[in-house]
There are 2 protein chains.
Amino acid sequence: MSGMDYRSSGVDIDEGERAVELMKESVRRTFTPGVLSDLGQFGGLFDAGFPEMDRPVLVASTDGVGTKLKVASMTGRYGTVGMDLVNHCVNDILVQGARPLFFMDYIACGTLSALTVAEIVSGLSAACRENGCALLGGETAEMPGFYEPGDYDVAGTIVGVVERSRIVDGSGIVPGDRLVGLPSSGLHTNGYSLARRVIFQEAGMGPDDSHPLLNGASVGETLLRVHRSYLEDLQPVLENGIVKGLAHITGGGIPGNLSRILPKGCGAVVRPEWPVPGIFRMIGELGSIDPEEMRRAFNMGLGMIVVVAAGDTDRAMDLLGGSGGFHAGVITAGGGIRFEN
Amino acid sequence: MSGMDYRSSGVDIDEGERAVELMKESVRRTFTPGVLSDLGQFGGLFDAGFPEMDRPVLVASTDGVGTKLKVASMTGRYGTVGMDLVNHCVNDILVQGARPLFFMDYIACGTLSALTVAEIVSGLSAACRENGCALLGGETAEMPGFYEPGDYDVAGTIVGVVERSRIVDGSGIVPGDRLVGLPSSGLHTNGYSLARRVIFQEAGMGPDDSHPLLNGASVGETLLRVHRSYLEDLQPVLENGIVKGLAHITGGGIPGNLSRILPKGCGAVVRPEWPVPGIFRMIGELGSIDPEEMRRAFNMGLGMIVVVAAGDTDRAMDLLGGSGGFHAGVITAGGGIRFEN
């Protein structure tokens, strides 16, 4: 038997180092003044002096991209899944009023391609820059036998900060308050296992096929549309102080996420006055999916819900102006979350 | 065609909710006074007021468990991989002088078993408690088609804090300084793809088999030994202020990790005066692995290296007392990292 080495076990340290070389510049371009370290240290350093704040509170969230990653490997397009992940995480802490400080990524695969990892990281770093968030560190793991060739799992953790007195937590919500919804760009990062099953298996479509409900776009590009960040959209309305609660519509849909911020005894009637995008109608029709199941699996066209007092609705609509807010319903006394047509 | 739902696509939301129910108590038990949120919120909240510090700096690190996870799924023992992950991350920020504040986990699988996830989380939370670190949040992702049945990927991010003037960065290291090594408990979390290939494929052993070099323990239990946290061991020597540099011996081994903290122009001669544990000798023999390759893939029995001035070596040994420090070599003027017998 000839001697074994690490490479013959499926781990290529050199290719990993090439990936680090390729990503260095795009990572450094995300560095904000708070970053006190460079690449290659054991941990990333970030200044925790927040001189402009009285009682700074860190807000942290971890998420993955889910099986949207399978659409990336089907199409060979890995450039946007990093944006999906960062924007998803930005929204998850934004709903508590926090602005992002830094992001840490985790990329895992069975056989590492330095170019693919660099493509994923370029998406992470582009979205980090857009959100004023440093890509402070991360881990790229080559795990032979864990992933199919071409499959990459991509997850990450965001850490942000909020003034304690400005934390948004929904506790002030009362019956009569209004829901204002902001449009999603598509499926964002939820419901992909169901969507893929319906589109690629049941309906037998390919990623380059289109459908009358997709306005000329292919299924692949429609499914890969980037999860929208609401950071810039919500800044004016957050600064104004009229926001009582924010729900990021992710897994569980509107019912699952709106319920997370409602005080005991409050429910909501959702009135879908917004246009449901074609991709959701297409999936529902192709899979003969029950409307209630659709609303639990998908965002149905609303990626963020803002709760404001009835009298602040017009001001909220004004402040959200360019983001295209929709009236989406009203808070009720109890009764769970119902949809009304 | 009957209507599709989320469960038929391979995602079981109810089983996910059962997992959350099962882990709740063990997660809450990790909560330290800094935690300002409860489970189920979009992001975890942590108090960033550090009244006892002049210039607090956050230190963050992300890591995974690697293919040690395959040993967990082979043996059906998922209770310790969470400890591996937390301790690994604790060490990664400890080498910059930081103490842990909070941890965020990411668990991904193809088919979610609530019991298995709860077992993994119980390990995470046990190690978090031991290290005084809150398990502030996390994500459990069921990704059909991504992972083999029984396989779970487990990764996480730690955030700690250090006083700016107490950051340990190796910049003061000069030729003549000494290396003091602390023993590892086994492979920790590195080299598992090579170890598994050699043990389970080349040598055809099973996890319940033993070997004369393993002192009666089985291969499975030897490989699953928990990655050691050095937080408590290093506290006295860190408080004493004599530590010039710390290297956590992970992927890349002693050469790859010691080189990360050496200033330009410095090298090291490593004198292996510590006993190399049987598991490493067994792997090297079974796989006929070149010694240099062994040292690049494995920690060889040293999990942490402390660099101190020559005159502080005895004091360092004293302060490390119970942790069993070994003389491990000396810093040189240039010359890379060489091993000398």
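The points that follow describe the interface in a predicted model.

In this model, 82 residues of chain A are in contact with 82 residues of chain B. The area buried between the two chains is about 6,500 Å². The size of an interface is often expressed in this way, as the accessible area lost when the parts come together.

**Buried area**
- Carbon and sulfur atoms give 61% of the area buried between chain A and chain B.
- Met4(A), Phe42(A) and Phe146(A) supply 14% of the area that chain A buries against chain B, more than any other three residues.

**Polar and charged links**
- The rule finds two salt bridges across the interface of chain A and chain B.
- A salt bridge joins Arg296(A) to Asp14(B), with the closest N and O atoms 3.4 Å apart.
- Polar contacts across the interface of chain A and chain B amount to 26 residue pairs, with both residues at pLDDT 80 or more.

**Make-up of the chain A side**
- With nine residues, strand E2 (residues 56-64) of chain A gives the most to the side of chain A that touches chain B.
- The residues on that side of chain A comprise 40 nonpolar, 24 polar and 18 charged.

**Strand pairing between the chains**
- Strand E1 (residues 44-47) of chain A pairs with strand E2 (residues 56-64) of chain B in the antiparallel sense, over four bridges.
- Val59(B), in E2(B), stands opposite Leu45(A).

Key: Residues numbered from 1 in each chain as written. Chains lettered and ligands numbered in written order. Predicted model: local features only at pLDDT ≥ 70, side-chain atom pairs only at ≥ 80, totals over all residues. Heavy atoms only, no water. Contact = heavy atoms within 4.5 Å. Buried area = accessible area lost by both parts, 1.4 Å probe. Salt bridge = Lys/Arg side-chain N within 4 Å of Asp/Glu carboxyl O. Polar contact = N/O pair within 3.5 Å; in protein donor to acceptor, adjacent residues only side chain to side chain. Helix = DSSP H or I, 4+ residues; strand = E, 2+ residues; numbered from the N terminus. Nonpolar A, V, L, I, M, F, W, Y, C, P; charged D, E, K, R; others polar. Pairing = 2+ DSSP bridges.
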